[in-house]
Amino acid sequence: MKYNVSQLLKEAIGSHRTFEIEEDISDADHPMEHVQGCVDMVRTHQGIWVQAQLTVRVPQQCSRCLDGFSRTLPIELDEEYFPEIDVNTGARVILPDDWEVLFIGWDHNLDLAEATRQATLATLPLKSLCKPECVGICDRCGRDRNQGSCDCYNRDIDPRWAALRSLMDKQQT
């Protein structure tokens, strides 16, 4: 997801490029498996403005049954990247004091991986479920209750709760 933008940095303000992305990512630092979409880059007076419509496949673990699954998320990027080195002179550029700035490296490569990672993490749900009707695992025996039920709560019951159990049995009938 790296693009050499040295030629775009030499062009007039308003010049643009469009790229198609389709990449499998195997880097452990990124939560993504596959990224696909379209990226537009426009030369601004200070750097390059990137707009992207991406689809990202992310490996997840269900918070109820602990099974692994993949989720596909739509991601939008709308970021401006600033060069560290002036492409014409080779001199260091005075960078904005904004701590959220994304940079174009000394080699004039614009890397979309970090912005995509941040957007992906911001889009992920707090509790991932493999399916909405997932019932999870038994907290006593650890059996996946999606595969079948267990008798953990029918077998041994604390005698102090027996009166409540009889009320539940009456409601079920």
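Which strand gives the largest share of the lining of the second largest pocket? Keep in mind that you are looking at a predicted model, then select strand 6 (102-104). That's the one: strand 6 supplies three residues of the lining.

**Stop 1: the pocket**

Select Lys-2, Tyr-81, Glu-84, Leu-102, Phe-103, Ile-104, Gly-105, Asp-107, Asn-109, Asp-111, Glu-114 and Ala-115, and you have the lining of the second largest pocket. The space inside comes to about 180 Å³. Colour by element and you'll find that strand 6, strand 7 and helix 2 each put at least two residues into this lining.

**Stop 2: zoom out**

Switch to cartoon for a moment. There are four helices and seven strands in the chain, and from the N terminus they run β-α-β-β-β-β-β-β-α-α-α. The chain has 173 residues, and 32% of them count as buried. If you draw the contacts between residues at least 6 apart in sequence, 50% of them join residues at least 24 apart.

**Stop 3: the nonpolar core**

Next, select Val-5, Met-41, Ile-48, Leu-54, Leu-110 and Leu-112. Within the largest nonpolar core, which has 29 residues, these touch the most other members. Helix 1 (6-10), strand 3 (34-43), strand 4 (48-61), strand 5 (68-83), strand 6 (102-104) and helix 2 (113-123) are the elements that give two or more residues to this core. Strand 4 gives the most, with six residues.

Stay with Leu-110 and show its surroundings. Leaving aside neighbours within four places in sequence, Leu-110 is in contact with Met-1, Lys-2, Tyr-3, Val-5, Met-41, Ile-48, Val-50, Tyr-81 and Ile-104.

**Stop 4: helix 2**

Select Ala-113, Ala-115, Thr-116, Ala-119 and Thr-120, the buried residues of helix 2. Look down the axis: they cover an arc of only 165° around it, so they sit on the same side of helix 2. What do they pack against? Show strand 3, strand 4, strand 5, strand 6 and strand 7 (109-111), and you have the partners of these buried residues. One of them, Ala-115, also belongs to the pocket lining from the first stop.

**Stop 5: the aromatic pair**

The structure holds one aromatic pair. Pick Tyr-3 and Phe-19: the ring centres are 4.6 Å apart and the planes are at 35°, so the pair is tilted. A pair would need planes under 30 degrees apart to count as stacked. Tyr-3 lies in strand 1 (residues 2-4) and Phe-19 in strand 2 (residues 16-24), so the pair ties together parts that are 16 residues apart in sequence. Colour the two by accessibility as well: Tyr-3 is buried at 13%, whereas Phe-19 is partly exposed at 25%.

**Stop 6: two positive phi angles**

Last, a couple of backbone spots. Go to Leu-66 in the loop between strand 4 and strand 5. Its phi is near 70°, a positive value in a residue other than glycine. Leu-66 is partly exposed, with a relative accessible area of 47%.

Then jump to His-108, in the loop between strand 6 and strand 7. His-108 isn't a glycine either, and its phi is positive at about 65°. Is His-108 buried or exposed? At 14% relative accessibility, His-108 counts as buried.

Key: Residues numbered from 1 in each chain as written. Predicted model: local features only at pLDDT ≥ 70, side-chain atom pairs only at ≥ 80, totals over all residues. Heavy atoms only, no water. Phe/Tyr/Trp six-rings, centres within 6.5 Å; stacked < 30°, edge-to-face > 60°. Buried < 20%, exposed > 50% of the residue type's maximum accessible area, 1.4 Å probe, protein only. Core = buried A, V, L, I, M, F, W, Y, C linked by side-chain atoms within 4.5 Å. Contact = heavy atoms within 4.5 Å. Arc of directions from axis to C-beta. 1 Å grid on protein atoms, 1.4 Å probe; cavity = no way out; pocket = protein on both sides within 12 Å on 5 of 7 lines; lining within 4 Å. Points joined across faces, edges and corners; volume = space filled by probe spheres on them.
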